[in-house]
Amino acid sequence: MRISLIIFALPLLIIDLAYAWNAVGHRATALIAFEQMTDLQQKQMGEILRAHPRYEEDFAAAIPERILESNEATITEWLFSQAAVWPDIARGLSPDLQETFSRFTWHFINVPIWLTAEDQASLEDGLAHNQSLEYPGALVTGLNVIQALPGNLAVWRDPSSSQSEKAIALCWILHLVGDLHQPLHSGTLFSESHFPLGDRGGNSIKVKKGSGTSNLHAIWDGLPTNILDFTPEPHTIRLQQADQVNEHSVLQWLEDHVNLARTFVYTEAVMSQIAGLAPETTPVLIKLPDGYEENAQPVARQQIYLAGHRIAELLQ
């Protein structure tokens, strides 16, 4: 399967949303999933999304002119990609609409990654943030991504759910699976002297970038922007073929992605720079080692493809 410039052939309304994979990454996962569906399934997705309570404002009004001038199948494909970014769009709505539609904590889970063993011994027993892996049975505020995903899948699969409820759940399923595959939405760095409450998934680690600065989370969010071909590598295909996709798989994905964060995000060079800073240094500012982003790019490409494949399976 070749998935390349189709991602950019659509006018994607690419905007710099520093949340989880930027809009390019989320749209890519959606389009990969869409390609794996039958014509009937694709048509059904479009029918459901047209029942979204914000369809006119956040979908129909945003369809690019050249998409409108194409055909129904292309419009449906665009709507599906828009659904994948809608939970981030909801974060920019008016406060009353945010209260109805936006759920900040659903986008991530902060599994601790420790700067040192001493940090773990000092902080582990006192962590107060939500690390629960159990869905409490209701889609409420305060859930993490591991809890919110099965909750939205339950709505999606419930025959009694309205089309409007299914449309909202579909947006969240597309988005949350994408979020979960960004390593910095699974793990976060803790350090008694620098990040006693966590580094907010890399957002608190400033990175020297050219003549200015960025942050570690934004670096990872932006990786998909420079990928022109999402065709999976042989290693990714092997992972896909061995994949057992069901609700219970999510915990294995979480473990895998925390390990990716340990290996490719918080590399030995990154950790040693932070450990070498004076206690309570503010802000924490580092320089990424040579080759860091080049090594991270294949990981992002793999994760986006796997997320798309897994979305297609979960929506069956």
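**Reading a core and a helix pair**

Modeller: Phe80 touches Ala30, Ala33, Phe34, Met37, Met45, Leu49, Leu170, Leu174 and Leu315, leaving out residues up to four places away in sequence; contact means heavy atoms within 4.5 Å. This is a predicted model, in which local features need pLDDT of at least 70, side-chain atom pairs count only at pLDDT 80 or more, and totals for chains, interfaces and linings use all residues. Residues are numbered from 1 along each chain as its sequence is written, and side-chain values use heavy atoms, without hydrogens and water.

Biologist: Which residues have the most contacts inside the largest nonpolar core?

Modeller: A nonpolar core is a set of buried Ala, Val, Leu, Ile, Met, Phe, Trp, Tyr and Cys residues joined through side-chain atoms within 4.5 Å; buried means under 20% relative accessible area, with a 1.4 Å probe and protein chains only. Here the largest one has 81 residues, and Phe80, Leu216, Trp220, Tyr266 and Leu315 have the most contacts inside it.

Biologist: At what angle do helices H2 and H15 pack?

Modeller: Two packed helices are described by the angle between their axes and the distance between the axes. Axes are lines fitted to C-alpha atoms over the stretch in contact, with angles from 0 to 180 degrees between N-to-C directions; helices are DSSP runs (H or I, at least four residues) numbered from the N terminus. H2 (residues 23-35) and H15 (residues 292-314) pack at about 45°, their axes 7 Å apart.

Biologist: Where is His175, and is this residue buried or exposed?

Modeller: His175 lies in helix H10 (residues 163-180) and is buried, at 0% relative accessible area. Its contacts beyond four places in sequence are His26, Ala84, Val85, Pro87, Asp88 and His107.

Note on methods: Buried < 20%, exposed > 50% of the residue type's maximum accessible area, 1.4 Å probe, protein only. Helix = DSSP H or I, 4+ residues; strand = E, 2+ residues; numbered from the N terminus.
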